[in-house]
Amino acid sequence: MPDSADKRDPKSKVQHIEACLTPEVEYKKTTGFERYDFVSNALPEVSLEAIDLSTSLVGKELSAPLMISPMTGGVDRGHDINRTLARGAEKYRLPMGVGSQRVGIEDTERAQFFKVREEAPSTLIFANIGAVQLNKGWGAEHAQRAVDMIEADALFLHLNPMQEAIQGGDQDFVGLADRIKSVVKELDRSGVPVFVREVGFGMSQDAAKRLIDTGVAGIDCAGAGGTSWARVEGICAKSERRRVMGTIFGEWGVPTTESILNVRAVSSRIPLIATGGLRSGIDVAKAIALGADIGSMARPMLVAADQGDEALARFIEQTLEELRVCMFGIGANSVEELKGNTHLHPVV
Ligand SMILES: Cc1cc2nc3c(=O)[nH]c(=O)nc-3n(C[C@H](O)[C@H](O)[C@H](O)COP(=O)(O)O)c2cc1C
């Protein structure tokens with residue numbers, strides 16, 4: 001389509017970053033976290049200092065259940081941000097993902113702009129490609145190349161039908177579940193766990209069930225209430241028509257709390273990352289009490305990383321402190337005790 005944003009154009013990557021540094025990209029509707037409250041525990045039998053935030057994902061030890069969501073790469077500016085994020089991830093032993101590596105696979109010269117292993121030699125890193133590429137001739141070999149490109153431990157296949165529709169990008173999602181299944185199987189042979197993630201429009205029970213049936217190692221159910229990818233595409237659009245589409249669909253999506261509950265309604269065991277509008281340590285705690293294993297943040301990490309290492313460190317420490325105090329307030333000693341915690345109640 002003539003008016004579509006070309007994702008291979010370095011300018012579009014920078015535009016996404018610039019747009020996401022402004023609050024205009026946020027949903028007006030909420031995640032639903034405000035509809036839940038923790039009941040304060042006056043007698044927690046817990047020492048704040050002794051609270052253990054450590055956890056693990058795909059067999060890797062993490063210091064806390066907080067992830068840096070996949071965002072960028074492929075251009076200088078994106079690489080700088082990713083390297084800052086990677087240093088933060090390594091320092092606090094948190095998992096992180098890089099943004100879609102399509103440009104790095106199509107243009108090997110741009111692969112270097114995704115590399116972050118030097119800054120994060122030991123922490124859990126996810127590679128990332130769009131699942132829809134599997135309908136355009138890509139297969140397990142491309143997926144493995146994305147993993148090898150950044151020496152990742154795991155792979156995200158992202159699902160973004162609504163973003164593609166508004167952007168005028170790749171819009172044929174027919175038969176994707178079968179193709180995802182085959183990539184999951186192939187990468188399993190080389191020991192690479194494949195997670196599937198939404199980019200922020202959330203997950204229905206039906207979609208979650210069909211994904212789990214493909215054998216995925218985990219899901220990131222990124223829901224609505226934080227960064228609206230319809231709004232981002234509308235702001236970055238070149239044509240008036242697509243700008244209007246961004247506004248009309250700006251509120252589209254399953255709120256993050258429902259998205260978590262939808263996945264948990266079909267599987268109590270699938271490793272689950274919750275993204276979309278988590279804006280504090282209390283949101284992370286609520287996401288986990290609702291059923292997620294890990295809470296993840298994109299835009300707040302971007303805004304902090306854009307200001308440099310110290311700002312990112314301050315933000316991460318603040319968020320972890322909020323999470324710890326929240327756990328103290330309900331008497332949860334560990335992440336295990338936070339999962340399915342009975343102190344979380346719907347606000348009446
Ligand atoms: C600048 C930016 C770029 C992003 N690019 C990608 C991407 O390439 N692949 C992907 O899976 N998600 C991408 N995302 C989506 C985030 O990972 C996340 O799902 C979404 O922004 C909702 O989280 P938030 O409300 O904390 O921002 C991007 C987010 C931002 C802010």
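The legends below describe close-up views of a predicted model, in which local features need pLDDT of at least 70 and side-chain atom pairs count only at pLDDT 80 or more, while totals for chains, interfaces and linings use all residues. Residues are numbered from 1 along each chain as its sequence is written, and side-chain values use heavy atoms, with hydrogens and water left out.

**View 1. The aromatic pair F156 and F195.** Rings of Phe, Tyr and Trp (its six-membered ring) are taken to pair if their centres lie within 6.5 Å, with planes under 30 degrees apart called stacked, over 60 edge-to-face and the rest tilted. The count by this rule is four aromatic pairs. In the pair shown here, the ring centres of F156 and F195 are 6.3 Å apart and the planes stand at 80 degrees, so this pair is edge-to-face. The two residues belong to distant parts of the chain, 39 residues apart, with F156 in strand β7 (residues 154-159) and F195 in strand β8 (residues 194-198); helices (H or I, at least four residues) and strands (E, at least two) are DSSP runs, numbered from the N terminus. F156 is buried, with a relative accessible area of 0%, and F195 is likewise buried, at 0%, where buried means under 20% relative accessible area, exposed over 50%, and partly exposed in between (1.4 Å probe, protein chains only). Together with F126, the residues F156 and F195 form one aromatic cluster. The charged end of R197 sits over the ring of F156, 5.2 Å from its centre, a description that requires NZ of Lys or CZ of Arg to be within 6 Å of the ring centre and within 35 degrees of the ring normal.

View 2. E45, a residue other than glycine, has a positive phi near 55 degrees, and its place is in the loop between β1 (36-38) and β2 (55-57). With a relative accessible area of 68%, E45 is exposed. V58, also not a glycine, has a positive phi of about 40 degrees and is found in the loop between β2 and β3 (60-62), where its relative accessibility of 35% counts as partly exposed.

**View 3. The largest pocket.** On a 1 Å grid over the protein atoms alone, a pocket is an open set of points with protein on both sides within 12 Å along at least five of seven lines, a cavity is a set where a 1.4 Å probe fits but cannot get out, and lining residues have an atom within 4 Å of a point. Grid points are joined across faces, edges and corners, and a volume is the space filled by probe spheres set on the points. The largest pocket has a volume of about 350 Å³, and of the 16 residues that line it, L159, P161, A207, R210 and L211 are the closest to its centre. At least two lining residues come from each of α5 (161-167), α6 (176-189) and α7 (205-213). The lining comprises twelve nonpolar, two polar and two charged residues, with Ala, Val, Leu, Ile, Met, Phe, Trp, Tyr, Cys and Pro counted as nonpolar, Asp, Glu, Lys and Arg as charged, and the others, Gly among them, as polar.

**View 4. The largest cavity.** The structure holds two cavities of 30 Å³ or more, and the largest cavity has a volume of about 740 Å³. Its lining is made up of 44 residues, of which P70, M71, Q163, V199 and W229 lie nearest its centre. Elements that give two or more residues to this lining include α3 (102-106), β6 (125-130) and α12 (299-306), whereas α1 gives the most, with five residues. By class, the lining of the largest cavity divides into 14 nonpolar, 22 polar and eight charged residues.

**View 5. N262 and the buried residues of helix α10.** N262 is found in helix α10 (residues 256-266) and is buried, with a relative accessible area of 16%. Leaving aside neighbours within four places in sequence, N262 is in contact (heavy atoms within 4.5 Å) with M203, S204, Q205 and V254. The buried residues of α10, among them T256, I260 and V263, pack against β1, α7, β9 (218-220), β10 (272-275) and α11 (281-290).

**View 6. The surroundings of Y27.** Y27 lies in the loop between α1 and β1 and counts as buried, at 6% relative accessibility. Not counting residues up to four places away in sequence, Y27 touches several residues, including G200, F201, W252 and G253. The C-alpha atoms of Y27 and G276 are separated by 9.9 Å, although these residues are 249 residues apart along the chain.
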